[in-house]
Amino acid sequence: MAKAMTKSQIADALAKKVDLKKKVAVQFLEELAALAYKEAKNAFTLPGLGKLVLVNRKARMGRNPQTGEAIKIPAKKVVKFRVAKAAKEAILGKK
């Protein structure tokens with residue numbers, strides 16, 4: 001299995017594709033990430049890729065895998081990424 005691209009490799013690929021300096025591409029990636037973090041509570045959409053959403057999980061009962069003892073897992077907020085249909089079809093192919 002191939003390794004995931006690093007931030008530097010992504011910036012380099014974008015810079016070459018759009019004819020920019022690598023420094024500008026890195027700055028763009030950083031600003032995009034900062035904007036996504038700031039707007040995630042309102043749902044942040046990356047067209048063609050997916051959407052970052054804040055979800056409230058309900059409290060539930062779980063089980064300690066080591067002892068088998070039932071434990072209560074409290075409610076909490078989590079960040080989820082919902083993959084866009086276009087991204088799924090591009091990666092997996094159409095059914």
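Which residues gather in a patch of positive charge on the surface? The notes below start there and then move to the rest of the predicted model.

1. **The positive patch.** K51, R57, R60, K76, K80 and R82 gather in a patch of positive charge on the surface. Two strands each supply at least two of the residues: β2, spanning 50-57, and β5, spanning 76-83. The largest share is from β5, which gives three residues.

2. K80 sits in strand β5. Its relative accessible area is 37%. That value falls between the 20% and 50% cut-offs, so K80 counts as partly exposed. K76 is also placed in strand β5. K76 is partly exposed, at a relative accessible area of 46%.

3. **How β2 and β5 are joined.** The two strands run antiparallel. Eight bridges join them.

4. Strand β1 covers residues 44-46 and pairs with β2 in the antiparallel sense. Three bridges hold this pairing. T45 has K51 as its bridge partner in β2.

5. Helix α3, residues 85-92, holds K88. K88 is partly exposed, with a relative accessible area of 46%. Along the chain, K88 and G48 are 40 residues apart. Their C-alpha atoms are separated by 9.5 Å.

6. **K76 and Q27.** These two residues are 49 residues apart along the chain. Their C-alpha atoms are separated by 33 Å.

7. **The nonpolar patch.** Which residues form a nonpolar patch on the surface? They are M5, I10, L14, V18, L20, V24 and F28. Together they have about 610 Å² of accessible area. Two elements give two or more residues to this patch: α1 (7-18) and α2 (22-39). The most come from α1, with three residues.

8. **The loop between α1 and α2.** L20, one of the nonpolar patch residues, lies in this loop. L20 counts as partly exposed, at 45% relative accessibility. D19 is placed in the loop between α1 and α2 as well. D19 is not a glycine, yet has a positive phi of about 55°. Is D19 buried or exposed? It counts as exposed, because its relative accessibility is 70%.

9. The loop between α2 and β1 contains A43. A43 has a positive phi of about 75° although it is not a glycine. At 31% relative accessibility, A43 counts as partly exposed.

10. **Salt bridges.** How many salt bridges does the structure hold? There are two. Side chains of opposite charge can pair when their charged atoms come close.

11. **K7 and E30.** The side chains of K7 and E30 meet in a salt bridge, at 3.0 Å from N to O. This pair links distant parts of the chain, with K7 in helix α1 and E30 in helix α2, 23 residues apart. K7 counts as partly exposed, at 45% relative accessibility. E30 is partly exposed too, with a relative accessible area of 41%.

12. **K16 and D12.** The side chains of K16 and D12 meet in a salt bridge, at 3.5 Å from N to O. Both residues lie in helix α1. They are four residues apart, about one turn of the helix. K16 counts as exposed, at 64% relative accessibility. D12 is partly exposed, with a relative accessible area of 28%.

Key:
Residues are numbered from 1 along each chain as its sequence is written. This is a predicted model: local features need pLDDT of at least 70, side-chain atom pairs count only at pLDDT 80 or more; totals for chains, interfaces and linings use all residues. Side-chain values use heavy atoms; hydrogens and water are left out. Patches are made of residues with over 30% relative accessible area and no salt bridge: like charges are joined within 9 Å, nonpolar side chains (Val, Leu, Ile, Met, Phe, Trp, Tyr) within 5 Å. Accessible areas come from the Shrake-Rupley method with a 1.4 Å probe; for residues, only the protein chains shown count as cover. A salt bridge is a side-chain nitrogen of Lys or Arg within 4 Å of a carboxyl oxygen of Asp or Glu. Lys and Arg count as positive and Asp and Glu as negative; His and the chain ends are not counted. The place of a charge is taken as NZ of Lys, CZ of Arg, CG of Asp or CD of Glu. Buried means under 20% relative accessible area, exposed over 50%, partly exposed in between (1.4 Å probe, protein chains only). Two strands pair if DSSP finds at least two bridges between them.
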